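Subject: Handover of a two-chain model

Hello,

Here is the structure I promised to pass on. My notes on it follow below.

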Amino acid sequence: MDRIDQIVARHVDREGPLLPILHDVQAELGAIDTAAETRIAHLLNLTRAEVHGVVSFYHDFRAEQDLRPVVQVCRAEACQARGIEAMMPAVATAAGDRVRVETVYCLGLCSVGPNARIGDDLHARLNEAALTKLVEGA
Amino acid sequence: MGYAKQPDFGTPAVRSDRTVTLSIDGREVTVPEGTSVMRAAAEIGGDIPKLCATDMVKSFGSCRLCLVEVEGMRGTPASCTTPATEGMVVKTQTPRLEKLRRSVMELYISDHPLDCLTCSANNDCELQDAAADVGLRDVRYGYDGAHHLGQAPDLSNPYFLFAPDKCIVCSRCVRACDEVQGTLALTVDGRGFASKISAGTAEDDFLSSECVSCGACVQACPTSALMEKSVKEHGKPERSVVTTCAYCGVGCTFRAEMRGEQLVRMVPWKEGKANRGHSCVKGRFAWGYANHKDRITSPMIRDSIDEPWREVSWAEAISYTAGRLKDIRAQHGARALGGITSSRCTNEETFLVQKLVRGGFGSNNVDTCARVCHSPTGYGLKTTFGTSAGTQDFDSVEHSDVILVIGANPTDAHPVFASRMKRRLREGAKLIVIDPRRIDLVRSPHIEAQYHLPLQPGTNVAVLTAMAHVIVTEGLVDTQFVAERCEVDAFEDWARFVADESHSPERLEPVTRVPAEELRAAARLFATGGNGAIYYGLGVTEHSQGSSTVMAIANLAMATGNIGRPGVGVNPLRGQNNVQGACDMGSFPHELSGYRHISDAETRALFESDWGVTLDAEPGLRINNMLDAAVDGTFRAIYIQGEDILQSDPDTKHVAAGLKAMDCVIVHDLFLNETANYAHVFLPGSTFLEKDGTFTNAERRIQPVRRVMDPANGYEDWQVTQLLANAMGLGWDYGHASEILAEIARLTPTFAGVTWERLCEEGSLQWPVNEANPDGAPVMHVDGFVRGKGHFVVTEYVPTDEKTGPRFPLLLTTGRILSQYNVGAQTRRTANTAWHPEDLLEMHPTDAENRGLNDGDWVRLASRKGETTLRIKVTDRVAPGVVYTTFHHPETQANVVTTDFSDWATNCPEYKVTAVQVSASNGPTDWQEDYAGLAERSRRISHEAEGEPAE
């Protein structure tokens, strides 16, 4: 809980401190569980429901820690048009249980899709071989 | 007349001086600027289909059903979020709108169980209505797609259930919790198709969540997703009757929705001016006590309290009682008899009890439970302003800029008003809390007091005088107000007094334990922050200096010019539903109705000629004096209507000794309460659902109480009093409560314009209703004080005689909790015990550690007067050196430890300060064991008539 108190203390004077706090908690602790929601609510004088509503709204916030590497694959319209859907079975096989594949809708690189992201690195013009290689190397 | 829902205009009413005129479907309508198109349409009888809109919360625009076409506007805007503008031309029904609405409805219905016939909302469902309104005939999507059906309901709350498969995620419940109740306990979990209503985190259900069970969400729900369990059990109501709640002094009005004589549910009445359509867990849900198995419906008598009770007919009970009373009067004189009126009963019932005592018994020995709560308010405000009541209506809080709460815990004791106050605080009003305990208002979601002054219990006068010191010495007095409205000489005396250095916050800090800088800042904020309103409760009055504190509050309000307009004032939060009324009705030994002294020959003559009796000119005995006199042998008989003095009055052993010494104790109540353990006659009472009459709330608002079912005991309470009066030869012949009200109005100038018919027509009236105020007075002292000029009173701080020492080092203060009410006679007999099954002693972690105590341990709580045992709750809500408990449970009997010190002016007991010690314990005290034995013996009822042995 000390970690959460420290994170909250960093942001508490900002206007709208909740999202920056949640990002830091997710990044530093790997999850925002019920205990964390409750503590953050108390420190910000919000209700548990309010914090839970925000946490559960965003896919980037997770209730349980998941240490697996993450590959975000865009399956929005442009990438679909460029064939991403046909690659997904291969992606799933490559990922197995070791890698978490997350579907996202648009990474902002529609002209050069299909696209994926690992951490802060974007990968464009992917074909099945390139994408499975990315997943295997993640 | 069948059952009709309350009208719903879709969006809240807007207050504006400017109006706009628009055309809706060819009909012109003029509405205040800012009104939604939806509401404007409803004003002229229209009914635009809607699901996410209801007029208790702000518009949201999510259901996409209330679409309209507006000339010159693109698309099909939602009528709930579109404000009406001048000259707007609106169409609410076109082929395009029909098609759109049906498509939306199809989507909703494709993910909804089609079990209307067996659904508890059948024929009372807005989804059903909307489907009918849009002409839904087919669902093209079928019912086999992704859906939310088959989820388990959340049954954790004792009063309502949440059935997620009936939920359409309109979020009305979430918004009602946020906007109306201000608890923000609900949220929408997830998003998109996965969205669902959640009561907090993934681990919470409704009971474990921050929900306070006010029921606003249930009221807001358009389907049966959130539904009263009582409706599920009994079915849809067939009729409704508007009546007034019988719990606290807020005086919420409800529609009692009935099926036959079965109450199906209580729904706050939107027109109610005290509650504005809101309620709390007690008023809405905690009415099950009315049919509880403990309720006694047959009269009972016995010659001695050692005997079991004997059930008898009403005729026998009344003649037995009258006989005993007459014998005692013949032998010991009229002054050996007395009565106690009830703040839970109606004005009419209270008036008759004091009439019986004064005119029938022949003494003025009548008192009421206001003695032990707000008698200092009566004294203090009468002295300073000239009238014994609060100065504002509840709406006033909507105009306050700085709210000072002292010795009150509104979120627990006056929850519906607290919600209105919290709404104003969320809008930006500032808050100062003066309380030894960190009450919820000090810090709870979205509410934070600018200043919390955690004073030492018993030092209210010192703190308020120190605030006055700051205001006077720093030149913050509203000199114009004082010069125009107040007695200047008295003001100058007072100003000299408070300005003395000995009253500075710095000098008083060792006494009050309030940091001087905080106190100075709070005083400056109150004096300069705009409209300043003071709200106070029993933490002010129940002290040896209760009356002084009330006058210190009045001084502060006058010095800062905070009297006589909306947003300001001095506001006592009255504890019981009709405590204001009981005081107004002449329940005190020295006063006839309307606060006129019994020694005043002219007033007495008025009553004597009307009643045809001779009245004693001497004030009678107060409750504690009656008990003293009983022990001395000069007071022999008492008629107690609807009050449990053994549990509620201080120093339980003293009360027990007094009652035990009397020859005839008559208890008129719903249950065999604790006082009845010492009674010889038990007259069964009727609940507020079984009688007609009026209650007067904390804002002086007189509201009708209506009979929705026959009294289970056979008589309304005033009828029982009348039976007794007539058995004593008084010859009363009231046929209905309205006739008693007419007599009250005839004899009481402040009630002159009040009639039953008028109350039924107008809903409520705030006294005074007289020639000067023909329609009543929401705010008092507008152009001048009732007494003429406002009177400043010098309030010297005198420490209480109840002092801590080595044997009793802690100070105990007492209070209430949300789910329980007063002595708990009603709420303990409802499912409210889910929240508060026992009284707990709150103690600071430091004090607990010093005593080797842990959270949940059994402890012995001892004072100079007595001792009891209960569990402790370790919390930093209380300061070190202070402990706190509630007095809802007879097993604990917190009043065994409270003292008989009392207010110097009114004898209001000093419940709020008792020196105590707390130590580990492993069982009940001797008193608890003895008393439990006595209670068990005393409650035996013999059924000889049926040939059964005594139980």
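Residues 96-135 of chain B are 57% helix and 0% strand.

Some ground rules. This is a predicted model: local features need pLDDT of at least 70, side-chain atom pairs count only at pLDDT 80 or more, and totals for chains, interfaces and linings use all residues. Residues are numbered from 1 along each chain as its sequence is written, while chains are lettered from A and ligands numbered from 1 in the order in which they are written.

Where the chains meet

14 residues of chain A are in contact with 20 residues of chain B (in contact: C-beta atoms, placed from the backbone, within 7 Å). On the chain A side, helix H3 (34-44) and helix H4 (48-57) each supply at least two residues. H4(A) gives the most, with seven. Helices (H or I, at least four residues) and strands (E, at least two) are DSSP runs, numbered from the N terminus. By class, that side of chain A has four nonpolar, seven polar and three charged residues. Here Ala, Val, Leu, Ile, Met, Phe, Trp, Tyr, Cys and Pro count as nonpolar, Asp, Glu, Lys and Arg as charged, and the others, Gly among them, as polar.

Chain A

Chain A is divided into domain 1 (2-57) and domain 2 (70-137). The bounds come from an automatic or database domain assignment. The C-alpha centres of these two domains lie 31 Å apart.

Chain A has an open sheet of four strands, in the order S2-S1-S3-S4, with mixed pairing (strands pair if DSSP finds at least two bridges between them). Strand S2 (100-104) and strand S4 (121-123) of chain A are at the edges; each has a single partner strand, so one side of each lacks a neighbour in the sheet. Strand S3 (residues 116-118) of chain A pairs with S4(A) in the antiparallel sense, over three bridges. A:Ile118 stands opposite A:Asp121 in S4(A).

Helix H7 (residues 128-137) of chain A lies across strand S1 (70-74), S2, S3 and S4 of chain A. H7(A) runs at about 20° to S3(A) (axes are lines fitted to C-alpha atoms, for helices over the stretch in contact, and angles run from 0 to 180 degrees between N-to-C directions).

Chain B

In chain B, the C-alpha centres of domain 3 and domain 5 lie 31 Å apart. Their contact takes 13 residues from domain 3 of chain B and 13 residues from domain 5 of chain B.

Helix H10 (residues 375-384) of chain B is mostly covered, with eight of its 10 residues buried. A residue is buried if 20 or more other C-beta atoms lie within 10 Å of its own, exposed if 12 or fewer, and partly exposed in between. The cover includes helix H18 (538-541), helix H19 (546-559), strand S22 (569-572) and helix H20 (579-584) of chain B. Just after H10(B), B:Gly386 takes a positive phi of about 100°.

B:Val357 sits in helix H9 (residues 347-361) of chain B. Is B:Val357 buried or exposed? B:Val357 is buried, with 27 other C-beta atoms within 10 Å. B:Val357 and B:Ala725 are 368 residues apart in sequence, yet 9.2 Å apart in space, C-alpha to C-alpha.

Best wishes

Conventions
Two residues are in contact if their C-beta atoms, placed from the backbone, lie within 7 Å.
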